[in-house]
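Please brief me on the strand pairing and helix packing in this structure. Keep it short and grouped by topic.

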Amino acid sequence: MTRSFEQLTEAQFDDFAQGHQAGSYLQTSAQARLLARRGWQTALVGLVEDATVVAAAVLAWIPVRMGNLFQIDGGMLIDYSNQALVNEFVAGVEKFAKSHNGLFLRVVPNEIYRRYDDEGVQIGAANEAPMTTLTAAGFRHTPAPKGWTTNASPSWQYVKDLTPVLAADDADKALRQSFAKDGKYYLKKTDQFGIKLRRLGREDLTDFKALTQHTADRLDYHDKDLEFYQIVFDEFGDDAYFVFAEMDFPAYIAGQEAARDHLAEVVADLDARIAEKPNYKKLQRQRAEYADQHKQHEKRIAQAQVEREKAGQDVVVIAGSLFLATANEMIYLYSGTYDEYKNFYGPYAVQEYAFKQAVARHIPHYNFYGISGVFDESDGVLGFKQGFAGFAEEKVGTFVKPINGPKYAIYSLLKKLMGR
């Protein structure tokens, strides 16, 4: 048996990564190409045993003060319970990094430390293996922090297992039934509203950027630039889903008018029956209920007419998102919503669209991505994602190992003195 650390071809790497249980979009040749176009240098590296890849990673590096920062984000793709394998892989990365002026190596594994239910109660045992083997291999460990970040992959995420849906006779029906009460309610509303979903072409990305920038400005965070979205579209190809939820005002108003007119007939019929039986309280309760529904449709018609006039067009974008698909998971990355159209619940329709794409591709895992890790109902994003009935995951955190020890000590001191 012989084992060697090698640079892999894209085909070699993707064949291995797509079948690995910890594989994600961060560990794909497409992500390596994206990073290269965004200023990083990259290499697809792995351990090869008798012509078979047994461990691999997208290795990326970029200049920092005094050398190069080497990073493996979403990897390594390796058996963390095998200390010898981890040691050998890390040694190969270190040797490679030293030959490319490496200062230190940062690893952010796509490994789950603990899982939680919607109340924040831990499910099952903690996964200590990555911490044990990486610490033994010379890394310093920083646990996953709580809170939000837009600068790195999240430490906490919300996910859903689609295996039961994929096994059902009617997958679409099973999918909707698998959602929580709130998710079902709001999706029923989007059905009633006639929300349309549209997958975008490259020419639509300027409009997608306008939506995400509008949301970033409203919520005060930094959005990706248009070039980033264009590179994602180019490099991930059919695995990148840029999606808009759109409102067709004439169609919506027509539907609301039809429902209103039907309710008017129901109320008129109840009025006639009440005239015959004025003391029949059940009829009076029914009339009050249907009359209230009639008012709601009138209100929606008036609101839509105002919004249509304000927009100056018949069809408007109300929400949109970017999803990326791999063999393992469909992941929800970036999104936006126009606040004036929030009452049409577009984000729910967009999520169901992506769920259906995952089911069609037999992808067993849906990843809503980032949450804060706080379960006191203060995280509105978590509340939205809980409407689809999944569970929360805490990742194992970040691991750092010096490549050039003396220089890294100076680098760390300078960062501390500068307050970074």
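In this predicted model, strand E2 (residues 41-49) pairs with strand E3 (residues 52-64). The pairing is antiparallel and runs over nine bridges. Within it, glycine 46 stands opposite alanine 56 in E3. Helix H2 (residues 29-37) packs on the sheet and touches both E2 and E3.

**Helix on the sheet**
- The direction of H2 makes about 150° with that of E2.

**The sheet**
- E2 and E3 belong to an open sheet of seven strands.
- The strand order is E1-E2-E3-E4-E5-E16-E8.
- Pairing across this sheet is mixed.
- Strand E1 (3-7) and strand E8 (140-142) stand at the edges.
- Each edge strand has a single partner strand, so one side of each is left without a neighbour in the sheet.
- From one strand to the next, the twist averages 25°.

**The H8 and H9 helix pair**
- Helix H8 (residues 205-219) and helix H9 (residues 226-236) have axes that come within 10 Å.
- Their axes cross at roughly 130°.
- The two helices are therefore oblique to each other.
- The crossing of H8 and H9 is right-handed.
- H8 makes the contact with Leu205, Thr206, Phe208, Lys209 and Thr212.
- H9 makes it with Leu226, Tyr229, Gln230 and Phe233.
- By class, the contact of H8 with H9 has five nonpolar, three polar and one charged residues.

Note on methods. Residues numbered from 1 in each chain as written. Predicted model: local features only at pLDDT ≥ 70, side-chain atom pairs only at ≥ 80, totals over all residues. Heavy atoms only, no water. Axes fitted to C-alpha atoms, helices over the stretch in contact; angles between N-to-C directions. Helix = DSSP H or I, 4+ residues; strand = E, 2+ residues; numbered from the N terminus. Parallel < 35°, antiparallel > 145°, perpendicular 65-115°, else oblique. Left-handed = near helix turned anticlockwise from the far one by under 90°. Contact = heavy atoms within 4.5 Å. Nonpolar A, V, L, I, M, F, W, Y, C, P; charged D, E, K, R; others polar. Pairing = 2+ DSSP bridges.
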